[in-house]
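Hi,

Here is the structure I promised to pass on to you. Have a look at it first, and then read my notes below.

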Amino acid sequence: MYDFYIDSLMLPYAPEKLTLNIEGANKTVDLINIGQVNILKNLKLTDIEFEFTIPNTKYSYVKEFKEQNIYLSRLEELITSKKPFRFIVSRAKSQGSFLDDTNMLVSLENYKIIEDAKAGFDITISVKLRQYKEYGTKKVTISQDNKKIDNKKISVKSKNIRTAKAPIKTYTVKQGDTLWAICKKQLGDGEKYKEVAKKNNIVNPNIIRAGQVIKF
């Protein structure tokens, strides 16, 4: 079983196909007397593509039914806000036990709205996401003792602008929260969500409910 989430908004039902394009950034150059060599570099950002349907009717197989304008408004907000968000694919076995997941910070690159007379009033959305990596700048302060030029003292203080909040003992889940985002905010590291899920006996770390108390 698959559950897809775009910025905590669960899709009505899982798309038929998901494509993750993982591409290297290696560069081939020609060197004198050696010939071609391959310079190995880090991977490029992962591209994610899939199509999903927004039904106009609550069919029996629809897991999460919302009005079509809710999904369309959210997509427009995500592409115009210029802010990254979480993309999650939760995979579980038929009996419901958690298998694994894809949990990435992404940006919405583009999307297409497809209306087909054969589909009635259902709408198909073609989406392209791109992996987003957080980055920040460092502030450097240099102080100098001018009393003696020969014995001048230079101290460098480096402070990361992005600072994590101190951990708290418990947190009450709010509507729209994800365990990754909670761990990122409260512990400074979203990747600890599996560890926290295990500590709280959460079978599927991608499914938490409003009002639930998380212990750290």
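Let's start with Leu20, which sits in strand β3; strands here are DSSP runs of E with at least two residues, helices are runs of H or I with at least four, and both are numbered from the N terminus. Before going further, note that this is a predicted model, where local features need pLDDT of at least 70, side-chain atom pairs count only at pLDDT 80 or more, and totals for chains, interfaces and linings use all residues. Residues are numbered from 1 along each chain as its sequence is written, and side-chain values use heavy atoms, with hydrogens and water left out.

Back to Leu20. Its relative accessible area is 35%, so Leu20 counts as partly exposed (buried means under 20%, exposed over 50%, partly exposed in between, with a 1.4 Å probe and protein chains only). If you skip its neighbours within four places in sequence, Leu20 is in contact with Thr46, Asp47 and Ile48, where contact means heavy atoms within 4.5 Å. The C-alpha atoms of Leu20 and Ile48 are 4.6 Å apart, although 28 residues separate the two along the chain.

Leu20 also belongs to a nonpolar surface patch with Ile22 and Leu43, and together they have about 290 Å² of accessible area. Areas come from the Shrake-Rupley method with a 1.4 Å probe, and for residues only the protein chains shown count as cover. To be in a patch, a residue needs over 30% relative accessible area and no salt bridge; nonpolar side chains (Val, Leu, Ile, Met, Phe, Trp, Tyr) are joined within 5 Å, like charges within 9 Å. Ile22 is found in the loop between β3 (18-21) and β4 (27-31), and it is exposed because its relative accessibility is 56%.

The loop between β5 (35-39) and β6 (47-54) is worth a look too, and Asn42 lies in it. With 68% relative accessibility, Asn42 counts as exposed. Its C-alpha atom is 6.7 Å from that of Gly24, 18 residues away along the chain.

Now the charged pairs. Side chains of opposite charge can pair when their charged atoms come close. How many salt bridges are there? The count comes to eight, taking a salt bridge as a side-chain nitrogen of Lys or Arg within 4 Å of a carboxyl oxygen of Asp or Glu. Three of them follow.

- Lys44 and Glu23 meet at 3.4 Å, N to O. This pair links distant parts of the chain, with Lys44 in the loop between β5 and β6 and Glu23 in the loop between β3 and β4, 21 residues apart. Lys44 is partly exposed at 42% relative accessible area, and so is Glu23 at 37%.
- Asp47 and Arg130 meet at 2.7 Å, N to O. Here strand β6 holds Asp47 and strand β9 (residues 123-131) holds Arg130, 83 residues apart. Asp47 is buried, with 12% relative accessibility, while Arg130 is partly exposed at 28%.
- Arg91 and Asp100 meet at 3.4 Å, N to O. Arg91 counts as buried at 18% relative accessibility, and Asp100 as partly exposed at 34%.

Salt bridges with shared partners also join Asp47, Glu109 and Arg130 into one network.

On a 1 Å grid over the protein atoms alone, a cavity is a set of points where a 1.4 Å probe fits but cannot get out, while a pocket is an open set with protein on both sides within 12 Å along at least five of seven lines; lining residues have an atom within 4 Å of a point. One cavity of 30 Å³ or more is present. The largest cavity holds about 40 Å³ of space, and its lining is Ile6, Leu9, Leu11, Phe52, Tyr71, Arg74 and Leu75. Helix α1 (residues 68-80) gives the most to that lining, with three residues.

The second largest pocket has a volume of about 420 Å³. It is lined by 21 residues, and the closest to its centre are Tyr5, Ser8, Gln175, Gly176 and Ile208. Both β2 (9-10) and α1 supply at least two residues of its lining.

Finally, the chain as a whole: three helices and 13 strands, and 30% of its 216 residues are buried. The accessible surface comes to about 15,100 Å², with 49% of it belonging to carbon and sulfur atoms.

Cheers

Note on methods. Grid points are joined across faces, edges and corners, and a volume is the space filled by probe spheres set on the points.
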